[in-house]
Structure formats: C-alpha cells, structure tokens
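Good morning, and thank you for coming. Today I would like to speak about charged side chains and how they pair.

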Amino acid sequence: MSATISYVAIEGIGEIRPRADLAAEIARGLERIGFVPQPGDALVIAQKVVSKAEGRFVDLRSVTPSARAEELARITGKDARFIETVLTETEEVVRAAPNVLIVRHRLGFVAANAGIDRSNIEAVDGCELALLLPRDPDASASSLREQISARFGGPVGVIISDSFGRPWRYGVVNVALGVSGLPAVIDRRGETDRHGRTLEMTEVAYADAIAAGAALAMGEGAEGTPVVLVRGLHWTAPHSNGQRLIRAKREDLFR
C-alpha cells in the first residue's frame, strides 16, 4: 500500500445549475492546479453538484401530499409536501419518529429523508426547492470518469459521495453512492493475517473509506468545495460500482 494518500480540495467551482457541463467545470478546476493524471488518482464529487447538474429539483409548491404523507408528517413534524417527495424515492419506510424519517431508497440506500436535501440550494423566484439524489449515481460516476479521463489523457477514478448518519453513532460521514474506475469493495476473505490466521469475514468498504477521508477537505457546510482530488491510492482488486456496497434486505439482521 502507498505510504502517503493526499486529499486536495479543488477550489473555484461555482454554483452548479441544471444542465451545467459538470465534467467541464471540474476539468477547469483541475487545470488550475496543473493536474496531470497519475496511477492511483481518484475524484470524490459531492452528490449535490451532480444532482444539480442533472436537474434533480422538485418545487414543493407543485406537490400534493398523499394520505400516507400526511400521516408521516404528523408523526415527524415535517412538511407533508416534503414527505411526499421522499416517498416518491422510497422503497420502504424504516422508521418514523419526531423529526426523523429513515427510509430505504429505491436504489437500496438506507438514509434519512431518502437523501433529499434543502440545504445549499439557491432560491429562485420564490420556489421551495428540494434536491433528490442522482437518478443513477453509478451511471453518473461512469460518465464523469469517461469525460474527465478523456480530457486529461489518463484514467481517473470517480466516487460520487453523500453524507449519511450511522446507527448507534452520532454525526454523519461521507459514503460512496456511485463508483467508477476503482473497487467499491475489496474482498480480503481467504487472505491471512500477520499470525497466519485466515480472514473469514473481512470485506473492506474501500470507496466509503476514500469518501470519508475526502469529507475532511470537502466540508459539510458553506465551504463550497464539492470536488476533492485523492492521490496515492493503490489497489489490485477488480473495479466494482457503488451497488456492490449495498447489503441485500435478506441479510438485514436489525429488522
């Protein structure tokens, strides 16, 4: 493994609007730091700018809540229109409590509010906007990787990340939603430890670990640095996408 892994926030990426050429915006930021691709390079890109570029906005003024949304709004104390928007992206409601709505997203993520967010969204003409996750984060990661790699003449891995809470622990951490050009998971089962014992359960959430580190450079508030260049990575495992990180419902031991 490489002795040094670095995280560099890419400055100067402005407000991303619907149908923006996000790959070009990122490329310009990389050009400003004189980027030349090296083996082990990856970009961690905040989900929010991907969703904005893909136009994944919903104006809550246009939403009519269902009876189920009204019921959950009474339990959670949240806007019923927002709840209805969450339900459109939801496969299953996992938990509803005051100020809390945990769901299984249609792509398998278990997250508060199906990952739908209203922070850092520019108000336009009185709209009450909410922002959904990308429709297909793996496809988005693959497209951005292809465009950026072609522009710079060398392969660059891409992780689309978002901040999720964790059961039984306070705080959020960055996790990988979409992955392209590197392994999402490294399966180390069958290897041996330093004492010769065979590893039986060890699967490393490699893309999640990279995304978590990138959050320290990216920030979680008003920092405005949604893209982080990670250098010095090393892997030999096959590439896999973000869906490789999703545990099947039949393996859920907590419900």
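Predicted model: local features only at pLDDT ≥ 70, side-chain atom pairs only at ≥ 80, totals over all residues.

To begin with the total, the structure holds 19 salt bridges.

Let me turn to R61. This residue forms a salt bridge with D59, and the closest N and O atoms are 2.8 Å apart. R61 has a relative accessible area of 48%, so it counts as partly exposed. D59, at 18%, is buried, because buried means under 20% relative accessible area.

The next pair is R106 and E89, whose side chains meet in a salt bridge at 3.2 Å, N to O. Which parts does this pair tie together? R106 lies in the loop between β5 (100-105) and β6 (110-112), whereas E89 lies in the loop between α4 (80-88) and β4 (90-97), so parts that are 17 residues apart in sequence are tied together. R106 is partly exposed, with a relative accessibility of 32%, while E89 is buried at 7%.

I come now to E91 and R104, whose side chains also form a salt bridge, again given as N to O, at 3.2 Å. E91 belongs to strand β4 and R104 to strand β5, so this pair connects parts 13 residues apart in sequence. Through shared partners, salt bridges join E91, E92, R104 and K249 into one network.

Definitions and conventions
Residues numbered from 1 in each chain as written. Heavy atoms only, no water. Salt bridge = Lys/Arg side-chain N within 4 Å of Asp/Glu carboxyl O. Buried < 20%, exposed > 50% of the residue type's maximum accessible area, 1.4 Å probe, protein only. Helix = DSSP H or I, 4+ residues; strand = E, 2+ residues; numbered from the N terminus.
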